[in-house]
Amino acid sequence: MAEKPLCMSTQIPHDEDTQRGDSVRCLTTLGHFGFECLPHQLVNQSIQQGFSFNILCVGETGIGKSTLIDTLFNTNLKDKKSSHFYSNVGLKIQTYELQESNVQLKLTVVKTVGYGDQINKEASYQPIVEYVDAQFEAYLQEELKIKRSFIDYHDSRIHVCLYFISPTGHSLKSIDLLTMKNIDNKVNIIPLIAKADTISKNDLQKFKCKIVSELVSNGIQIYQFPTDDETTAQVNSSMNGQLPFAVVGSMDEVKVGKRMVRGRQYPWGVLQVENENHCDFVKLRDMLLCINMEDLKEQTHTQHYERYRCCKLEKMGFTDVGPDNKPLSFQEIYEDKRQKFYDQCQREEEELKQKFMQRVKDKETTFKESEKELQEKFEHLKRVQQEETMKFEEKRRQLEEEIMDFYKLKAVSGTLQTLVCTNIKKEKDRKK
Ligand SMILES: Nc1nc2c(ncn2[C@@H]2O[C@H](COP(=O)(O)OP(=O)(O)O)[C@@H](O)[C@H]2O)c(=O)[nH]1
Ligand SMILES: [Mg+2]
């Protein structure tokens with residue numbers, strides 16, 4: 001007896017699909033199987049694993065970075081007041097485990113230190129670029145490992161850069177343009193007008209327009225909230241039109257009527273941080289944490305990291321297709337690389353050998369010349385010495401002759417002296 005196929009009565013071929021002739025056919029089910037619960041499985045799994053989010057805050061010292069992060073996460077991360085006297089821009093990295101109901105969030109906040117405090121601001125963006133790239137590199141290295149451990153791996157790639165613009169009311173500073181231009185293809189930038197309570201509503205609107213036109217004219221890409229999901233398309237496209245967000249941060253509780261709210265107290269009234277008529281703080285929080293956190297992470301992975309990975313692998317010599325446009329396997333690339341490397345080694349070895357031989361030859365010639373010179377010197381000295389010896393011999397001979405003459409003279413004078421003495425004695429004897 002033929003076996004009864006499972007779910008037989010529930011599979012109905014779709015007319016269009018049969019006509020399209022695709023290899024994958026769409027079927028509509030007529031019963032309950034349980035795979036409608038797949039999204040719940042994902043939710044449960046995500047809750048169990050927890051979430052991670054990495055924020056980079058770029059802005060001048062004292063612009064309100066720490067206060068805004070505290071306000072965003074309702075934390076007191078106890079950041080010390082930063083000094084204005086650093087000779088270079090640095091980065092301060094802090095990781096926190098936060099919990100809201102049963103959802104755990106591993107939050108990493110990277111803040112610039114000393115940004116904008118140097119006289120020469122040309123290189124201010126470099127440490128930021130280096131840091132962002134280093135996190136991509138760490139992830140790539142993990143991906144390339146044979147034994148990968150992505151479950152325990154702390155993915156430190158930056159998901160969003162909150163760029164704090166000084167509330168000057170005029171225009172962006174050159175450091176802002178330079179930095180954003182250098183990081184816009186590496187990270188999702190959300191520009192913020194910091195301390196927006198220090199600028200009037202009218203000026204703020206003009207300032208926002210000016211910033212947007214400057215970003216466009218300088219070709220700086222800022223993050224756009226996605227509009228492809230119909231549930232968030234409307235709010236996201238409306239928010240895209242309100243960038244940069246004008247934010248105010250404060251952890252102070254201020255009394256408004258009978259309620260205590262977070263805000264900044266002024267003689268003329270209270271600026272409520274979470275009042276959408278007062279500033280864009282709530283918009284930022286909603287966009288960043290409630291609506292688009294996953295998209296920011298996805299963009300980081302699929303756009304920015306992908307670009308980095310692609311460039312890096314190409315630089316290392318990897319390619320998907322060969323010169324004939326045919327796909328290349330990893331093995332083929334490896335062998336090709338190995339062959340090229342081997343050829344290069346051979347070439348370099350040959351070059352080195354040639355260089356070495358030439359140097360030996362050069363040295364040999366120099367040695368021979370030196371030897372010849374030395375030989376000549378030696379011959380010369382020998383001659384000089386022989387001449388000296390001859391002169392010396394001559395002098396010695398003369399001296400010996402003189403000595404001989406002297407002895408002869410001495411002998412004669414001795415004989416004479418004896419003769420004289422004998423004569424004197426004889427004379428004396430005769431006189432007696
Ligand atoms: N008026 C105003 N002051 C702020 C705001 N945010 C922070 N501050 C104040 O600015 C000073 C520096 O803030 P801080 O967060 O330490 O700046 P950071 O160096 O960028 O981290 C502190 O005295 C804050 O109270 C704001 O939105 N408006
Ligand atoms: Mg700070």
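A charge is said to sit over a ring if NZ of Lys or CZ of Arg is within 6 Å of the ring centre and within 35 degrees of the ring normal. With that in mind, and remembering that this is a predicted model, select Arg157 together with Tyr305, where Arg157 lies over the face of the Tyr305 ring at 4.9 Å from the ring centre.

A pair of aromatic rings is described by the distance of the centres and the angle of the planes. For Phe136 and Tyr308 the centres are 5.5 Å apart and the planes stand at 40°, so this pair is tilted. The pair links distant parts of the chain, with Phe136 in helix H4 (residues 126–144) and Tyr308 in helix H9 (residues 293–315), 172 residues apart. Are these two residues buried or exposed? Phe136 counts as buried at 1% relative accessibility, and Tyr308 is buried too, with a relative accessible area of 15%.

For another pair, select Phe33 and Phe35. A search of the whole structure finds 10 aromatic pairs, and among them is this stacked one, with 6.3 Å from centre to centre and 20° between the planes. Here Phe33 is partly exposed, with a relative accessible area of 39%, whereas Phe35 is exposed, at 52%.

Now turn to the nonpolar interior. In soluble globular proteins, nonpolar side chains tend to be buried together. The largest nonpolar core in this model has 73 residues, and those with the most contacts inside it are Ile55, Leu162, Ile190 and Phe245; helix H4 gives the most to this core, with 7 residues. Select Ile190 and look around it: leaving aside its neighbours within four places in sequence, Ile190 is in contact with residues including Val160, Leu162, Tyr223, Phe245 and Leu288.

As a last stop, select helix H3 (residues 65–73), which is mostly covered, as 7 of its 9 residues are buried. The buried residues of H3 are Lys65, Leu68, Ile69, Asp70, Thr71, Leu72 and Phe73. Then step on to Asn74, which follows H3 and has a positive phi, near 50°.

Notes: Residues numbered from 1 in each chain as written. Chains lettered and ligands numbered in written order. Predicted model: local features only at pLDDT ≥ 70, side-chain atom pairs only at ≥ 80, totals over all residues. Heavy atoms only, no water. Phe/Tyr/Trp six-rings, centres within 6.5 Å; stacked < 30°, edge-to-face > 60°. Buried < 20%, exposed > 50% of the residue type's maximum accessible area, 1.4 Å probe, protein only. Helix = DSSP H or I, 4+ residues; strand = E, 2+ residues; numbered from the N terminus. Core = buried A, V, L, I, M, F, W, Y, C linked by side-chain atoms within 4.5 Å. Contact = heavy atoms within 4.5 Å.
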